Amino acid sequence: MIENFKISLKEIDKINLINQEDKNYRIENLEFFNKKGFPTKKEEDWKFSDLREIFSKNFKKIDINDAYPEENNFRLIQEFDHNYILLINGRLIRSDFKFEDKNKIKITGYKEENFLREKSNNPLICLNNALSNEGYNLVVEKDYKFEKVLVIYNLFNEDLSEKILNNKNKIIVNKNSELHTIEYTINRSKNKFFNNTYENVILYENAKFKNICIQAGRSEGYFHKFLNGSIKSDSKYSSFIFSSGLKFNKQDIQIDLEGKNSDCEIKSALFLNKEDHQEIKTIVNHLVPNCKSFQKIKSVLDSNAKGVYQGKIFVKDIAQKTNAYQLSKALLISENSEFDSKPELEIYADDVKCSHGSTSGNVDENSVHYLMTRGLTKKEATQLLINGFLKEIISEIKSDTIKKFVENKLEFQVYGY
Amino acid sequence: MKNSNINTNQEYKYGFTTDIENVRAPKGLNENSIKFISKMKKEPKWMLDWRLKAFNRLKNLKEPNWQKPKYPKINYQDLYYYSAPKSASNKPKSLDEVDPKLIETYKKLGIPLQEQKRLSGVAVDAVFDSVSVATTYKEELTKKGIIFCSISEAIREHPELVKKYLGSVIPLTDHYFATLNSAVFTDGSFVYIPPKVKCPMELSTYFRINASETGQFERTLIIADKGSYVSYLEGCTAPMRDENQLHAANVELVALDDAEIKYSTVQNWYPGDKDGIGGIYNFVTKRGACRGRNSKISWTQVETGSAITWKYPSCILQGDNSVGEFYSIAITNNHQKADTGTKMIHLGKNTKSKIISKGISAGQADNTYRGLVDIGKKALNSRNYTQCDSLLMGNKCGAHTVPYIKNKNSTSTVEHEATTSKINDEQLYYCNQRGLNQEEAVSLIVNGFCKEVLQQLPMEFAVEAQKLVGISLEGSVG
């Protein structure tokens, strides 16, 4: 089976390379991937999501995507004013920062030199290292706060079928700056494809970065994203994940709190059905004292869906006064749904407050009964409860217009079930 | 401060050895030493075949390496797999005939073998190294039809029971250390409680590692037949010694319809000295199967000793309405390492499990809770509650929690909670103010922290365990 998913070294020749060293690095990585293949549940990080099995079931072969067509019928979000950048199949097509001071923002397409040549044991990262040649690079200069939100339209076109896309993105927010983005994924492909993204986020002193990740609608796409964040002192990273609607999605987030008083928040509300399989994996590394981190993952699982949360809090011995909290809650509303979690603590400092909680179960019967005595049908009652369960996360978005926008998307999913 | 004083005073209380000539198997792990063990034990052929089957399987297995505590490579060819006190070949008929040196050792350990026999109300199957020497209270148990003897005796006297249940919970092929045990196990206890019998007393075995360079491979098998109840105590102390010693025991529990087994352990083996030299490797496989409807298995453990503790007492909840419980205190100090937890595998309907784990880490120790809660597709209306709390003393130690939670049906509920913190300064201050010194205050607070687990222990153990909690942590705060 693995044979079907081997990728020829010739693919590397197609990439416009800068030098031989880069090429060797890519070859090394591709060879590693070809040797390992897609990860299986035997690997600890993939224990609950056997990607090889999923691929064997759903894909016959997999080819490298090389088509980046022009966009057509592309409509901007009308609900609120925003800046945007448009990606088609991962390639940066255009950008518009009409609400901002353009001198303070730098945006370019993928550049080899933006990334360190790091070694990885994760076959998917190696695959990405070997083949990525699209993506974007965004830099916010120091002392600049964005006026309006930046929407990253991530569009996948109709022709993708059994293709694999590898992208690398980088976001740098310099000192005292602030950036707020919405990653808006639009899928036009009716066929299966695999998007493999590597993202690097660096926040310098006293910077703020807020990201919301949301889907336009259901998709046949399989997604894997590895995000590596490095957070310096007094800066704050916050991420909302609303990626409902994807066939397969794994967000692998690793945040290093490198500066004092830094803060990291990861929140997610997911509604999964129709054999969706989504996994959120977070590792928050507390490397210095006085940092805070908070993760809150809420999932609702309907027909044959599988949700996974693997979260790890690591506290280094010098990272005293750490405050870390992690919570995952899941509602299983269909007999065949499954939720697996592995909330992990690895702590080497004593003066810390670290805790986690994880629950899974059905909708509270008493609450359903209460609502039914008030005239709701069982289905309506359940929908109302699910909606309330997930809205808790959305209510933490500050901007009202964006909150409304996200709510509508979610309600559409919940009431459509 | 006065810490150094306390350290010298409170070093391993049970550190002493007894000189008794040993009969040993040839050194090394091979078919010959297995045949030797089997011969010494006067085992029937089927047992030898079973051992050899395990040995063949072992050749293809690798030692697991996923655990947190790492240890130097064990040279399995350099160990003796059998050693017995010499006097065992002509077993004494009464206590008077027992080697007086052994009796002396037991006295130091506080085992009530002679005059305390009646007073204590505990039947003791004492294992000195690998051979059972004397089993008390046999008559009373026999009257009720209870079988409580060494596993070797059970193999000879009750082969039908042993054949039926041995390896049925921990199969031959399970994992490296369990398979190793299956091949070379030397002794251990066997308990069978007949239907509708409530065992009138707590059954207890003291294990004692003595002969240098001998790993102990015990095998315990407890079967509670329909509607029966048994409470079993396991306690360990070991003499002070320099080289590392391997201990890989297997414990199998089987509870049939409406039966209940309560298994309590206080483990206080030699943990190595203050610099982490020496100490026992405690790699134990403990597993219980709730085979019958309404059956219950409860594990309680207080782990304070051993250089490395690596065990996960588990429950397989097969029968409908069966219950699994796990209460654990793991205390690590100096360079000790513990990687312990449980597995609750829910297969039957309406199964319930509860996990309470308290980890305390001091010095340069590492303490890990690792557990699995797996609720199968057919385990409708199942319920699990897990609570893992860790207490850290100082910033050179580590406390880790690695739970795996799988829920595969919508009618079941799983809850998991974990916290990590240090001893509250205000609480310490309050205790100091009331006249307790630092050590006493810590002991008091930690005992409070562990209360939920200590309450589960039978009377005989509760007192000893409370003292142990205090002793294990002395010298860690100040």
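Begin by selecting Ile402(A), Phe405(A), Val406(A), Leu410(A), Gln413(A) and Val414(A), the buried residues of helix H7(A); a residue is buried if 20 or more other C-beta atoms lie within 10 Å of its own, exposed if 12 or fewer, and partly exposed in between, with C-beta atoms placed from the backbone. Because these residues cover an arc of only 165 degrees around the axis, they are on the same side of H7(A); the arc is that of the directions from the helix axis to the C-beta atoms.

The model is predicted: local features need pLDDT of at least 70, side-chain atom pairs count only at pLDDT 80 or more, and totals for chains, interfaces and linings use all residues. Residues are numbered from 1 along each chain as its sequence is written, while chains are lettered from A and ligands numbered from 1 in the order in which they are written.

Next, select residues 400-415 of chain A to show the whole of H7, which has 16 residues. Helices (H or I, at least four residues) and strands (E, at least two) are DSSP runs, numbered from the N terminus. From first to last C-alpha, H7(A) reaches 22 Å, close to the expected 22 Å; the expected span is 1.5 Å times one less than the number of residues. On the face turned away from the buried side of H7(A), find the exposed residues Asp400(A) and Asn408(A).

Zoom out to chain A, which contains seven helices and 20 strands. The C-alpha trace of chain A spans about 70 × 50 × 45 Å along its principal axes. Buried residues make up 50% of the 417 residues in this chain.

Then display both chains: 32 residues of chain A are in contact with 30 residues of chain B, contact being defined as C-beta atoms, placed from the backbone, within 7 Å. On the side of chain A that touches chain B, strands E19 (338-347) and E20 (353-361) each supply at least two residues. The largest share of that side, 10 residues, comes from E19(A).

Finally, select E19(A) together with strand E23 (residues 398-407) of chain B; six bridges join these antiparallel strands, and pairing requires at least two bridges found by DSSP. Within this pairing, centre the view on Ile347(A), which stands opposite Ala399(B) in E23(B).

Terms used. Two residues are in contact if their C-beta atoms, placed from the backbone, lie within 7 Å.
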